Every structure is written in C-alpha cells, then in structure tokens.
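Subject: A structure for you to explore

Hi there,

Here is the structure I promised you. Have a look around in the viewer, and then read on for what was found in it.

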Amino acid sequence: MTTPLEVSNPHQIDNPGQRKWQDYFTFNTDHKVIGIQYLVTSFVFYFVGGFFAELMRTELATPASDFISPEFYNQALTLHGTIMIFLWIVPAGAGFANYLIPLMVGAEDMAFPRLNAIAFWLTPPGGILLLSSLLVGAPQAGWTSYPPLSLLTGKWGQEIWIMSLLIVGTSSILGAINFITTMLKMRAPGMDINKMPLFCWSMLAASALILLSTPALAAALILLSFDLIAGTNFFNPNGGGDPVVYQHLFWFYSHPAVYIMILPFFGAISDVIPVHSRKPIFGYRAIAYSSLAISFLGLIVWAHHMYTSGTPGWLRLFFMATTMLIAVPTGIKVFSWCATMWGGKISLNSAMLFAMGFVSSFVIGGITGVMLASLPLDIHVHDTYFVVGHFHYVLFGGSVLGLFAGFYHWFPKITGRMFNESLGRAHFILTFIGLNLTFMPMHELGLLGMNRRIALYDQQFQSLNQLCTWGAYLLAISTAPLVIGIFLALFRGEKATDNPWNALTLEWQTSSPPPILNFNSTPIVTRGPYDYGHNPTEAEPVVLTDAQSL
C-alpha cells in the first residue's frame with residue numbers, strides 16, 4: 001500500500017531519546033515532557049476530586065447527616081466540581097494535545113516552547129492553592145459560586161477559589177495560543193489542513209473556544225473578588241448589584257467549557273475507532289467541520305442554564321432553538337463513528353472498548369441534553385438530580401471514557417510499553433457498570449423532585465441514592481486495575497513496537513517513545529491519515545522510506 005509519509009534516512013531514528021526521570025520535575029520545554037507532566041498531574045487531581053465525590057456519596061447513602069457535616073458537604077461539593085473540571089479533564093486534554101499535536105503535524109516542538117512550559121507550571125500551584133482553601137474554610141457555593149451565596153459563605157476560601165481559577169484559566173489561554181499556532185503554521189510538507197488528524201481539528205475548535213470564552217469568566221471572577229474584599233456591589237443585590245449579570249458572564253464561559261472538555265476526546269475517539277476497526281473514518285470532513293460548528297454554536301447557547309433566572313420569553317425561545325441545533329453537528333459525529341465501525345474488523349481491546357462505551361454513554365447524555373433544552377421540561381427539573389445525571393453522562397460517560405480510550409491507544413507510543421489487556425478490560429467493565437449504576441438513577445431522582453446540592457433529603461429517595469452510592473464505590477474500585485496496570489507496564493511490560501496498532505497517522509511513524517526531536521528529518525506527507533485502502537482488514541504496516549529515492 002502507499003505510505004502516508006516519507007522520511008529521509010529513517011534508519012538514523014534508532015535512539016528513542018528517552019529522558020531521565022529528573023526531567024519531568026524541571027522546567028523542560030520538550031512538548032512530550034510537558035504532555036506527560038500534564039497527564040500525571042491531572043491524574044493526581046482525578047484521585048483527589050474522586051475522593052471528595054466518595055465522601056459526598058457516602059453521606060448521601062442515608063437521608064440524615066451522619067457521616068460529614070452539611071457545611072463540609074458543601075465544601076466537598078465545591079472542590080469536587082472545580083477539581084474535576086479545571087484540574088482533571090481540561091489539563092488531561094491539554095496533556096494529550098501537548099504530546100500529540102507536534103507529532104501529528106510533523107513538527108519538532110510547539111511553536112512557543114517556553115510559553116508551553118509556563119502554561120503547565122501554572123497548573124500545580126493553582127491546584128495546590130485551591131486545596132489550601134480547606135485551611136481557612138473552603139468555599140461552599142458550588143463550582144458555579146453564584147452570588148449572593150458566594151458573598152455570604154467562607155470569604156477567604158472563596159477568594160482563594162477565585163485566585164486558583166484565574167491561574168489555571170491563564171494556563172488554558174497560553175496553551176490554546178500554542179496549539180492553534182502550531183497546527184496552522186508548523187505542519188509538515190504535504191500536510192494541508194484537510195490532511196490533519198481529527199484530533200488536531202478538535203483541538204483547533206476547543207482552543208478557539210478557550211480564547212473566546214475564558215476572558216468572560218476572568219471578568220466575572222475579578223468583579224466577584226472586588227465584591228468580596230473591596231466592598232463593591234457589582235453582583236450584591238443588597239447594594240444594587242445584579243447577580244444575574246454574573247450568571248451571564250459565568251455561563252458564557254462555562255457552557256463552552258463543556259465543549260472545551262469534550263472536543264479533545266471527540267478527536268481522540270475519531271482517531272481510535274478507525275484504527276481498531278481497520279476502516280477509513282467515515283466522513284472525515286463532516287467530522288472535522290462539525291467540530292468548528294460545535295465551537296461556534298457553543299458560544300450562543302449559554303442562557304439555557306438560566307431559564308429560571310427571569311430571562312425574557314423571546315430570548316428563552318432563541319436559546320432553546322440554538323441548544324437543540326447544536327445536537328446536529330454532534331449527531332453527525334456519532335453517525336460517522338457508528339458508520340466507521342459498521343462492517344469493520346473490530347479489535348475489542350481496551351482502547352476500543354472505552355471508545356464504544358464513550359459513544360453509547362455520550363448518546364444518553366446527548367438525548368437528555370436535548371430534553372433539557374426544552375423550556376417546559378427544564379423548568380420542571382431545574383436544580384434537580386436529573387441535571388446531575390445528564391451532566392455526568394456527558395462529562396464522565398463522554399470526556400472521561402474518551403480520555404481512557406486515548407490513554408490506552410497512545411500508551412505504547414508515550415511509554416514504549418504495552419498495557420496489560422486483561423487489566424485494561426477489567427478497568428473498562430468496572431468503570432462502565434459503575435458509571436451507569438451511579439448516574440442512571442439520578443434521572444429518576446430528579447423526576448421525583450430531589451434537589452441537587454443538598455446533604456439532607458426525604459426518606460423516599462433513599463433506595464435510589466444507595467444505588468448511586470454503590471455505583472460510586474464501584475467507580476473507585478475501577479481505578480485499581482488502572483493503577484496496577486500502569487506500574488506493571490512501566491516496570492515489567494512488554495516493549496512496544498513503533499506502530500503496534502498498524503495506524504497511519506503521523507505520530508506512529510516514529511519510534512516508541514519518540515526521539516527528542518520527534519523525527520530525524522522533516523517528514524513528507526503523501527496521503528491522508530485514515531486511508532486504509534480497499535482491503536482495510538489486511539492493511540499492511542506503514543513503511544518509512546528514504547526521501548532521497550523520490
């Protein structure tokens with residue numbers, strides 16, 4: 001078969017350029033080091049945020065407050081939501097992007113390596129600062145921190161929360177600048193924009209959202225900080241402020257943030273499925289351009305979170321229509337993924353299992369999202385556990401399962417080792433059962449009228465809450481095969497070949513792990529990244545050939 005790229009003197013690529021372990025604790029400008037730093041840091045915060053979730057679910061196993069106090073429950077709620085969004089999913093997506101984008105486009109590094117390192121080194125201090133709020137009374141107003149509640153509980157804890165989000169938000173902006181510049185200006189010869197892997201397209205859309213929406217959150221947080229420590233009244237109704245203005249600023253960022261969190265893993269899934277189905281991706285341009293459509297529409301749907309905030313009727317109708325419309329480009333992706341798998345030679349390995357779990361779980365989250373776009377239903381279930389169930393099917397069933405699909409897919413490339421498939425499959429089975437057991441009953445709880453963000457509830461909700469709690473415990477147990485598998489692979493795992501999946505995207509055409517400069521010479525791209533030919537079930541391995549023979 002025709003090779004997707006040519007590389008001059010490929011036999012010189014015999015040194016994987018492995019770093020010393022000390023390099024990962026220093027200010028290193030290698031994008032691969034920074035990518036691993038992001039991934040390890042985000043996984044640490046995943047366990048911290050998960051710990052707070054387990055505390056909450058244990059408290060909710062019974063109607064009474066008999067495990068943690070209602071005040072600490074509110075603190076755990078705030079820290080859990082903030083950590084999982086700003087210190088787990090977003091940095092994990094940045095980790096994959098840092099590691100993969102230069103390799104995928106044939107560049108030696110990011111466009112701005114020092115800026116890239118600065119972006120990462122803002123993240124650990126931001127996370128440590130957030131956790132330090134526990135020392136002075138962590139904020140209790142939830143991850144949304146609506147005023148006036150956020151002005152009345154835990155002044156200094158709330159201020160620390162604001163400072164930490166400003167720091168990690170700055171990190172996101174710096175990373176987005178780097179990603180966009182690298183993809184648009186540093187592609188290898190022969191790689192026009194319509195030959196970029198779909199992960200790159202998704203990161204392009206997500207980075208545009210970060211640049212356009214994050215400043216609105218920064219503005220809201222700075223004004224809220226003034227209200228807290230300077231006595232101003234931007235959002236304080238007692239002084240003539242308008243708390244609804246805060247909601248507009250907050251959701252102008254925080255609804256696009258849903259797509260900032262999930263778009264990178266849309267891209268990961270779009271790269272995982274064709275490789276493990278041994279088929280070309282169905283509708284490459286439809287998937288690529290639908291990412292841009294999601295990015296655009298994501299900016300004009302924010303007020304569907306505010307149907308009960310006094311939004312005028314005509315404006316409610318506009319946001320209801322645009323929210324439903326965003327299901328179209330999302331549906332295009334789901335259709336393309338299913339069409340790619342249809343008739344393929346599917347390998348049910350860990351990466352593919354998580355990819356298939358992603359599609360099924362995300363569809364559930366998407367269907368309930370369209371339901372919540374409907375004004376009458378949304379008003380009925382607003383601030384109930386129906387919304388919590390929907391939200392977690394999108395972000396856990398979506399982003400997190402997509403993250404793990406990418407993790408298992410690129411693990412051999414990043415580490416040079418193969419992951420134990422039995423442990424990977426066990427991780428998937430426990431995770432998939434756990435997430436459905438945890439979050440599916442929440443929809444019923446919401447329809448029955450159980451409010452979210454409460455530690456005490458009526459006796460009638462106990463049985464369903466106990467199901468959710470057992471599911472949460474299963475999710476905690478599911479991390480055991482993941483952690484065991486990582487350590488086994490790193491210390492005793494089978495060495496990976498350069499291209500164990502027989503994939504065609506550019507990152508697989510170099511050693512595992514890649515050399516320090518990625519490629520020994522500039523790669524020349526000669527065909528698209530998913531062109532498996534007429535007999536994809538027997539696709540030949542990609543061979544690197546000497547460019548001098550052209």
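Contact here means heavy atoms within 4.5 Å, while helices (H or I, at least four residues) and strands (E, at least two) are DSSP runs numbered from the N terminus. Buried means under 20% relative accessible area, exposed means over 50%, and partly exposed is in between (1.4 Å probe, protein chains only).

Which residues of H9 are buried? They are Tyr-284, Ile-287, Ala-288, Ser-290, Ser-291, Ile-294, Ser-295 and Leu-297. H9 itself covers residues 284-297, which is 14 residues, and spans 20 Å from its first C-alpha to its last. That is close to the expected 20 Å at 1.5 Å a residue, where the expected span is 1.5 Å times one less than the number of residues.

**Before you go further**

Please keep in mind that this is a predicted model: local features need pLDDT of at least 70 and side-chain atom pairs count only at pLDDT 80 or more, while totals for chains, interfaces and linings use all residues. Residues are numbered from 1 along each chain as its sequence is written, and side-chain values use heavy atoms, with hydrogens and water left out.

**The whole protein**

The protein has 16 helices and two strands. Its radius of gyration is 23 Å, close to the 24 Å that the globule rule gives for 550 residues, so the protein is as compact as a globular protein of that length. The radius is taken over C-alpha atoms, and the globule rule is 2.2 Å times the number of residues to the power 0.38. Along the principal axes, the C-alpha atoms fill a box of roughly 75 × 50 × 45 Å.

Of the 550 residues, 60% count as buried. Among contacts between residues at least 6 apart in sequence, 83% join residues at least 24 apart. The protein exposes about 20700 Å², and carbon and sulfur atoms supply 67% of that area. Accessible areas come from the Shrake-Rupley method with a 1.4 Å probe; for residues, only the protein chains shown count as cover.

**Two salt bridges**

How many salt bridges does a search of the whole structure find? It finds two, where a salt bridge is a side-chain nitrogen of Lys or Arg within 4 Å of a carboxyl oxygen of Asp or Glu.

One joins the side chains of Arg-452 and Asp-383 (2.9 Å, N to O). This pair links distant parts of the chain, 69 residues apart: Arg-452 is in the loop between H15 and H16, and Asp-383 is in the loop between H13 (375-381) and H14 (385-415). Arg-452 is partly exposed because its relative accessible area is 21%, and Asp-383 counts as partly exposed at 33%.

In the other, the side chains of Asp-30 and Lys-32 meet (3.1 Å, N to O). Are Asp-30 and Lys-32 buried or exposed? Both are buried, with Asp-30 at 4% relative accessibility. Asp-30 sits in the loop between strand S1 (5-6) and helix H1 (31-59). Leaving out residues up to four places away in sequence, Asp-30 touches Arg-19, Asp-109 and Ile-516.

Phe-47, Val-483, Phe-487, Leu-490 and Phe-491 make a nonpolar surface patch of about 490 Å². Patches are made of residues with over 30% relative accessible area and no salt bridge: like charges are joined within 9 Å, and nonpolar side chains (Val, Leu, Ile, Met, Phe, Trp, Tyr) within 5 Å. Helix H16 (residues 462-492) gives the most to this patch, with four residues. Phe-487 is found in H16 and is partly exposed, with a relative accessible area of 48%.

**Some backbone details**

A cis peptide bond joins Pro-147 and Pro-148, with omega about 5°. Pro-148 is in the loop between H4 (123-132) and H5 (149-152). The peptide bond from Ser-512 to Pro-513 is also cis, with omega near -10°.

Arg-278 has a positive phi of about 55° although it is not a glycine. Arg-278 lies in the loop between H8 and H9 and is buried, with a relative accessible area of 10%.

Enjoy exploring!
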